[in-house]
Amino acid sequence: MIRYLIKNNFKLMFRNTWSVVVMLLGPILVIAVLSSAFSELMKSYEGVDEFAVGYRIQEVAEDNLMIETVKVAGEEAGILFYEYPQGEIKDVMEKNELAGFVEFSEGTYVIYTSADYEVEGITLEYFMNKVMNVGVNASLQLQEQEKIVLPVEELEFMPAVDSKDYYGIAYIVYFCWCGMICATGVLSNEKKYGIVRRFQVSNISELQNYLGKFIPITLTVTVGMAIATTITVLLYDIHWGNSILSMLIVFMMILAGAALGMMLYNISDSLVITIIIQFTIVWFMGFFGGSFETYMFSSTSDTLKHLSPIYHSNRALVELSCMGESNYVASAVGYSLVITVVCSTIAILAGCIRKRGRA
Amino acid sequence: MGDIILKTTDLTKKYNNKVVVDNLNIEIRKGEIFGLLGPNGAGKSTTMNMICSIVRPTAGEVELLGKNPWKQKKDVIHKIGYIPQELAIHGNLKAWENVELFTSLYGMKGQQLKNAVNESLQYVGLLERKQEFAKNFSGGMKRRLNIACALGHNPELLIFDEPTVGIDPQSRNFILDKIKESNKKGTTVIYTSHYMEEVEAICTRIAIMDNGKIIACGTSEELKKLVNGGDENITLEEVFLTLTGKKLRDYAE
């Protein structure tokens, strides 16, 4: 029976023009507005002029070929490397007005940055991370037998990303969490016209009833977001990173958003309360998670940022886009999975309690 | 008359200490068309909802086809067809999709479901309009579709909660004929309505309910005798008004 419930609820959600239009046009318009409004802010990342960086090779470091590669790549990227073998690094940087300094030692390197050259420092970190990864991969290909290990210090890495890509990704993330809007037509009809009673006078279990809505919401939002993403990619030239990981993260968020909405609805039994509470929760998660101001410049506390599932998803997707990899993929997927399981369980229990009725 | 299909024993429902249904005892036998009459707020819909296991009784028992619908729901619920007072259909689904959705809730699938959908639509005269969206139907057609959605699984007991509200005489007549037709095939019917002539025309037994209690029960003739000592000129409406009074009722259930 669940097949027919899913099929017909899916049709109902897609025939609700208003919600489909909101889910499609919403991200497209918001991305256009925010990416152009904040393009100046984000330009500080991409519009850095050529700058000078010092470097020093410790005696134990032997991989001069790698350093030459770094210098050549740096020149192409507008980062000029000059060797300073002597003196206190701090003094050398001040004296020579260097934006940064890299100290190479065996198998590792340390970056020194200055508060006066914050953006250049971030760019240097990004460049070093990128170029060293490329270098390691190239060396691995050349010398398959000899394993080169570069234990790079854990850096609070700030990716270079433009406003189009940032908001293009962040608002797809944001709208994924608001997918419950697709179910408004079905749920309000069910309640308004006593359709819920028909379900009660039937063999349908609460689990089937839940899945009969959860799956169509997920499908509708997935299709809607896929179309919205395709349109934004074509219109604004937004770059997504690793497509399989990105799709996985987005899909997991859609599941979590639908489960959260269904849980709130089954507890409150009111569509208005559900939408208000869910949108408030999502707004706060987005506020701390970088949907309204970029998480790179966010003034909110790190603890609150990390509590927000949107932060993990945003960061993972943005890093995948500009770096091709991210340490946040697991936490983004895990967070969404936990929310989906917990909210679904509570939603089904709440539905059972409601169905059992009060004597 | 056949076996008892529905029996309520001291069935009671209270909302915030207000008694809506008060120690209700009724017995309905297989093959009957049982009419339940009452003014607004009499407790008819609450009674129907308790019978269908939509609303949990505060006290008392419901026995449906020998089983308790609250404790043995899976064994008995598929034998009921419930037609709610509201038009419980989706306007954005086509006629056949509505019937398919609600019939599938009883475990039907595949060709069996397709046949059931077509038969139900044929029964209410909507087969040729099956591809149209329900939102484009007239009031009468929506009412008929509302009924079709409860017929697909061939229930033994049909419960109609005011099924003819706001429709034209032709549609009303059609619905009443279909109810009688179903009854002739062996389906037991419980019918609530405000329209006295409808109840008188189709019901084999009528109960008048007020303030949560059955205040009179019997055939139309028996009720008339009860009020006016057998004067055949009295109408059921006059019987109803004599028993329930002429004071306006502004309750909402």
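Trainee: How far apart do the C-alpha centres of domain 1 and domain 2 of chain B lie?
Mentor: This is a predicted model, in which local features need pLDDT of at least 70 and side-chain atom pairs count only at pLDDT 80 or more, while totals for chains, interfaces and linings use all residues. Residues are numbered from 1 along each chain as its sequence is written, and chains are lettered from A and ligands numbered from 1 in the order in which they are written. In chain B, domain 1 covers 4-88 + 149-244 and domain 2 covers 89-148, with bounds from an automatic or database domain assignment. The distance between the C-alpha centres of these two domains of chain B is 24 Å.

Trainee: Which helix gives the largest share of the side of domain 1 of chain B that touches domain 2 of chain B?
Mentor: Residues are in contact if their C-beta atoms, placed from the backbone, lie within 7 Å, and 18 residues of domain 1 of chain B are in contact with 22 residues of domain 2 of chain B. Helices are DSSP runs (H or I, at least four residues), numbered from the N terminus. On the domain 1 side, the largest share is four residues, and these come from chain B's helix α6 (residues 169-184).

Trainee: How many residues does α1(A) give to the side of chain A that touches chain B?
Mentor: Between the chains, 24 residues of chain A are in contact with 28 residues of chain B. On the chain A side, α1 and α9 (195-200) each supply at least two residues. The most comes from α1(A), and its number of residues is six.

Methods
Two residues are in contact if their C-beta atoms, placed from the backbone, lie within 7 Å.
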